Amino acid sequence: MTKEEFNAKLKELNISIKDFSIIADIPYSTINNWGFKTNDKIIPVPKWITPFLEHYEKSRKYDYLMKELSKVAKTLEKK
């Protein structure tokens, strides 16, 4: 994943870099360094970020689904 792809995925998930740094427990400055060149090498986005974001997205969808199912169940219980 490139830094541009990382930023695009965060935007798609509606997460700021600051929020991501808190969720993933990574210093904000570390995240900002990804994609920049140091000692003639580009600091890559770590490989674990892609599956982390995929699972985060699935988790949010699951939480939403469970919330909606809970609402329906409560409505049915009242009838």
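Visitor: Does Glu12 count as buried or exposed?

Guide: This is a predicted model, where local features need pLDDT of at least 70, side-chain atom pairs count only at pLDDT 80 or more, and totals for chains, interfaces and linings use all residues. Residues are numbered from 1 along each chain as its sequence is written, and side-chain values use heavy atoms, with hydrogens and water left out. Buried means under 20% relative accessible area, exposed over 50%, and partly exposed in between, with a 1.4 Å probe and protein chains only. Because its relative accessibility is 54%, Glu12 counts as exposed.

Visitor: With which residue does the side chain of Glu12 meet in a salt bridge?

Guide: Side chains of opposite charge can pair when their charged atoms come close. A salt bridge here is a side-chain nitrogen of Lys or Arg within 4 Å of a carboxyl oxygen of Asp or Glu. At 3.2 Å from N to O, the partner of Glu12 is Lys9.

Visitor: In which helix do Lys9 and Glu12 both lie?

Guide: Helices are DSSP runs (H or I, at least four residues), numbered from the N terminus, and strands are runs of E of at least two. Lys9 and Glu12 are three residues apart, about one turn of the helix. Both lie in helix α1.

Visitor: Is Lys9 buried or exposed?

Guide: The relative accessible area of Lys9 is 16%. Because that value is under 20%, the cut-off for this class, Lys9 is buried.

Visitor: Leaving aside neighbours within four places in sequence, which residues is Lys9 in contact with?

Guide: Contact means heavy atoms within 4.5 Å. With neighbours within four places left out, Lys9 is in contact with Leu53 and Glu57.

Visitor: How far apart are the closest N and O atoms of Lys9 and Glu57?

Guide: Lys9 and Glu57 form a salt bridge. This pair links distant parts of the chain, with Lys9 in helix α1 and Glu57 in helix α4, 48 residues apart. Their closest N and O atoms are apart by 2.9 Å.

Visitor: Which residues do salt bridges that share partners join into one network?

Guide: Glu57 is buried, at 19% relative accessible area. The side chains of Glu57 and Lys61 meet in a salt bridge of 3.8 Å, N to O. Being four residues apart in helix α4, the two are separated by about one helical turn. Through shared partners, the salt bridges form one network of Lys9, Glu12, Glu57 and Lys61.

Visitor: Against which helices do the buried residues of α2 pack?

Guide: In helix α2 (residues 17-24), the buried residues are Ile17, Phe20, Ser21 and Ala24. They sit on the same side of α2 because they cover an arc of only 100° around the axis, taken from the directions from the helix axis to the C-beta atoms. On the other side, Lys18 and Ile22 are exposed. The buried residues pack against α1 (3-13), α3 (28-33) and α4 (49-78).

Visitor: Which residue with a positive phi follows α2?

Guide: The phi in question is near 55°. The residue after α2 is Asp25.

Visitor: How many salt bridges does the count come to?

Guide: Among them are Lys9 with Glu57 and Glu57 with Lys61. By the rule for salt bridges, the count comes to four.
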